Amino acid sequence: MQGITVVLFGAAADRAGTRTVELSAAGVSTLDDVWFGLVEAHPGLAPMQTMLAFAVNGEYAERGAPVAAGDEVAVLPPVSGG
C-alpha cells in the first residue's frame, strides 16, 4: 500500500532529525491526521504546531485539507527576513 511522504524543512527537519518521513496512509484522510502521525513518530515537533505551514502536492493547505495515499506533504517552518 502506498503511503504519504512528508518532507520537512528547516527547523522542523532539525527537530525531527530527518528531512523525509514515510507515513502509512491507513486511517489518514486529512492533514490533521498526518500531523498527529508525524508528532507520534517525532514528538520534538509538537511545540512547533502553531508556527508551521503545510503544503499538499505543492499547494499550501489548511490543517483540515484532504490527504490521500501517494500525496506529498511539505512541512514549512516560518521564514524571517529583513
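This is a predicted model: local features need pLDDT of at least 70, side-chain atom pairs count only at pLDDT 80 or more; totals for chains, interfaces and linings use all residues.
Residues are numbered from 1 along each chain as its sequence is written, and side-chain values use heavy atoms, with hydrogens and water left out.

Let me begin with the overall fold. The secondary structure comes to 2 helices and 5 strands, where helices (H or I, at least four residues) and strands (E, at least two) are DSSP runs numbered from the N terminus, and along the sequence they follow the pattern β-α-β-α-β-β-β. The chain has 82 residues and a radius of gyration of 12 Å, which agrees with the value near 12 Å for a compact globule of that length; the radius is taken over C-alpha atoms, and the globule rule is 2.2 Å times the number of residues to the power 0.38. Along the principal axes, the C-alpha atoms fill a box of roughly 45 × 25 × 20 Å.

Now to the sheet. It is an open sheet of 5 strands in the order E2-E1-E5-E3-E4, with mixed pairing, and two strands are said to pair if DSSP finds at least two bridges between them. The edge strands, each pairing on one side only, are E2 and E4, the latter covering 59-61.

Strand E3 pairs with E5 in the antiparallel sense over 4 bridges, with Phe54 standing opposite Val75 in E5. E3 also pairs with E4 in the antiparallel sense, over 3 bridges; here Ala55 stands opposite Tyr60, and Val56 stands opposite Glu59. E3 and E4 form a hairpin with 2 residues between them, and Asn57 in the turn has a positive phi of about 50°.

What lies inside? Buried residues, meaning those under 20% relative accessible area with a 1.4 Å probe and protein chains only (exposed is over 50%, partly exposed in between), make up 41% of the 82 residues. In soluble globular proteins, nonpolar side chains tend to be buried together. The largest nonpolar core here has 25 residues, of which Val6, Leu8, Val34, Leu45 and Val73 touch the most other members; such a core is a set of buried Ala, Val, Leu, Ile, Met, Phe, Trp, Tyr and Cys residues joined through side-chain atoms within 4.5 Å. Among the elements that give two or more residues to this core are strand E1 (4-8), helix H1 (10-16) and strand E5 (72-76), and H2 gives the most, with 5 residues.

Take Val73 as an example: leaving aside its neighbours within four places in sequence, Val73 is in contact with Ile4, Thr5, Val6, Val7, Leu31, Val34, Phe54, Ala55, Val56 and Val67.

Finally, I would point to His42, which lies in the loop between H2 and E3. Is His42 buried or exposed? His42 counts as buried because its relative accessibility is 18%. Leaving aside neighbours within four places in sequence, His42 is in contact with Ala16, Thr18 and Val21, and a polar atom of the His42 side chain lies 3.3 Å from the backbone oxygen of Ala16.

Terms used:
Contact means heavy atoms within 4.5 Å. A polar contact is a pair of N or O atoms within 3.5 Å; within protein, one must be able to donate a hydrogen and the other to accept it, and residues adjacent in sequence count only if both atoms are side-chain atoms.
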